[in-house]
Amino acid sequence: MEMKNLDQILQSVRNDLPRASKTAAAIDRGASLEEISELAEEEGLHKLATVLFEAEQEALRRESALKDNPATATNDFIRNIRETLPNDSKTAAAIDRGASWEEISELAEQEGVHHLASTLFEAEQERLRDPS
């Protein structure tokens with residue numbers, strides 16, 4: 001599940017939660033998925049807790065794939081993000097023409113696609129540390 005979709009789900013659910021809800025407070029302060037999931041479960045929001053648990057598991061699988069084969073996993077991540085970008089985006093254009101991770105990261109940062117920028121920055125740093 002894409003983070004953008006997850007954020008939309010969280011905001012949608014948030015609007016329906018009472019002010020006194022611990023889950024609502026956790027969403028408002030940007031708590032981890034794990035914490036929001038635990039609070040949702042405590043408050044009887046079982047469907048939300050399940051969705052968040054599955055999103056956590058997917059994130060762990062992606063993280064594991066990055067460790068196992070960073071370049072392939074990073075390129076897959078880039079392709080997945082590309083599908084969510086508007087066609088007139090400079091970041092999308094850079095991805096489409098096969099630009100370097102560094103260039104894509106810089107454009108993504110300029111356009112506010114921070115999760116892509118930070119992932120590429122980390123991947124590039126890892127590649128520099130371990131050039132195998």
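Arg 79 and Asp 76 lie three residues apart in helix H5 (residues 70–82) and are therefore separated by about one helical turn; helices are DSSP runs (H or I, at least four residues), numbered from the N terminus. In this predicted model, local features need pLDDT of at least 70, side-chain atom pairs count only at pLDDT 80 or more, and totals for chains, interfaces and linings use all residues. Residues are numbered from 1 along each chain as its sequence is written, and side-chain values use heavy atoms, with hydrogens and water left out.

The side chains of Arg 79 and Asp 76 form a salt bridge with an N to O distance of 2.1 Å, a salt bridge being a side-chain nitrogen of Lys or Arg within 4 Å of a carboxyl oxygen of Asp or Glu. Both residues are partly exposed, Arg 79 with a relative accessible area of 48% and Asp 76 with 31%. Here, buried means under 20% relative accessible area, exposed over 50%, and partly exposed in between (1.4 Å probe, protein chains only).

Five salt bridges are found in the whole structure. One of them joins Arg 82 to Asp 96, whose closest N and O atoms are 2.9 Å apart. This pair links distant parts of the chain, with Arg 82 in helix H5 and Asp 96 in helix H6, 14 residues apart. Arg 82 is counted as buried because its relative accessibility is 15%, whereas Asp 96 is exposed at 53%. A further salt bridge connects the side chains of Asp 28 and Arg 14 (2.8 Å, N to O). This pair also links distant parts of the chain, Asp 28 being in helix H2 (residues 22–28) and Arg 14 in helix H1 (residues 3–16), 14 residues apart. Asp 28 is exposed, with a relative accessible area of 52%, while Arg 14 is buried at 17%.

Helix H6 (residues 90–96) also contains Thr 91, which is buried because its relative accessibility is 0%. The side chain of Thr 91 reaches the backbone nitrogen of Ala 108 at 3.3 Å. Elsewhere, His 46 is placed in helix H4 (residues 46–68) and is partly exposed, with 44% relative accessibility.

Overall, the protein chain contains eight helices and zero strands, a strand being a DSSP run of E with at least two residues. Of its 132 residues, 33% count as buried. The C-alpha atoms fill a box of roughly 50 × 35 × 20 Å, taken along the principal axes.

How values were computed:
Polar contact = N/O pair within 3.5 Å; in protein donor to acceptor, adjacent residues only side chain to side chain.
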